[in-house]
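Here's a quick walk through the model, one topic at a time. Keep the viewer open as you read.

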Amino acid sequence: PDFIEGAGEASDGAFVTFAQPKGGEYAAWEKRFTERFDHEPITFAPQTYDATMALLMAIEQVGQVQDDGNLLIGKKALADAIRGLDFEGVTGKVGFTETGDSKSGVVVYQVQGKQFVLAPGQDL
């Protein structure tokens, strides 16, 4: 809504992408978020949560605590661990390709008459 308001008539016809929260865990996560922060999640909070969980899961797999207490995380080992992840996040299935790109879907909307409308060909 801020985009449409800020851009005014120039927003009409614009295409906007969003990663759509749709996982089975989303409702429970949204409830916890709202109770903790006293407002609904902002636009990319679910994706940020899933990305953080992916990073933490990978660190758990490859992180090594040294004798001096420092945590050692090899860059290649971390990258490989992230690419090997496959889990159900709050936004749905979370996984990554061999090059590290997300396998999660992106939804395309078009602004029509001051409203975000699913672009043709989008199937939620």
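Let's start with a pair of side chains: K31 and E35 form a salt bridge, with the N to O distance at 3.1 Å. This is a predicted model, by the way, so treat that number as a computed one. Both residues sit in helix α2, which covers residues 26–37. They are 4 residues apart, or about one turn of the helix.

Side chains of opposite charge can pair when their charged atoms come close. In total, the structure has 3 salt bridges.

## The sheet

Next up are the strands. An open sheet is built from 3 of them, in the order β1-β6-β7, with antiparallel pairing. β1 (15–18) and β7 are the edge strands, and each has a single partner strand, so one side of each has no neighbour in the sheet. From one strand to the next, the twist averages 40°.

Now for the pairings themselves. β1 and β6 are antiparallel and share 4 bridges.

Which residue of β6 is the bridge partner of V16? That's Y109. Y109 also has a bridge partner in β7, namely L118. If you're tracing side chains here, keep in mind that in a regular strand they alternate between the two faces of the sheet.

## The hairpin turn

β6 and β7 make a hairpin with 2 residues between the strands.

## Two helices crossing

Over to the helices. The axes of α3 (residues 45–62) and α4 (residues 75–83) come within 9 Å of each other and cross at roughly 125°. That angle makes α3 oblique to α4. As for handedness, the crossing of α3 and α4 is right-handed.

Who makes the contact? On the α3 side, the residues are L55, A58, I59, Q61 and V62. From α4 come A77, L78, A81 and I82. Sorted by class, the contact of α3 with α4 has 8 nonpolar residues and 1 polar residue, with no charged ones.

How values were computed
Residues numbered from 1 in each chain as written. Predicted model: local features only at pLDDT ≥ 70, side-chain atom pairs only at ≥ 80, totals over all residues. Heavy atoms only, no water. Pairing = 2+ DSSP bridges. Axes fitted to C-alpha atoms, helices over the stretch in contact; angles between N-to-C directions. Parallel < 35°, antiparallel > 145°, perpendicular 65-115°, else oblique. Left-handed = near helix turned anticlockwise from the far one by under 90°. Contact = heavy atoms within 4.5 Å. Nonpolar A, V, L, I, M, F, W, Y, C, P; charged D, E, K, R; others polar. Salt bridge = Lys/Arg side-chain N within 4 Å of Asp/Glu carboxyl O.
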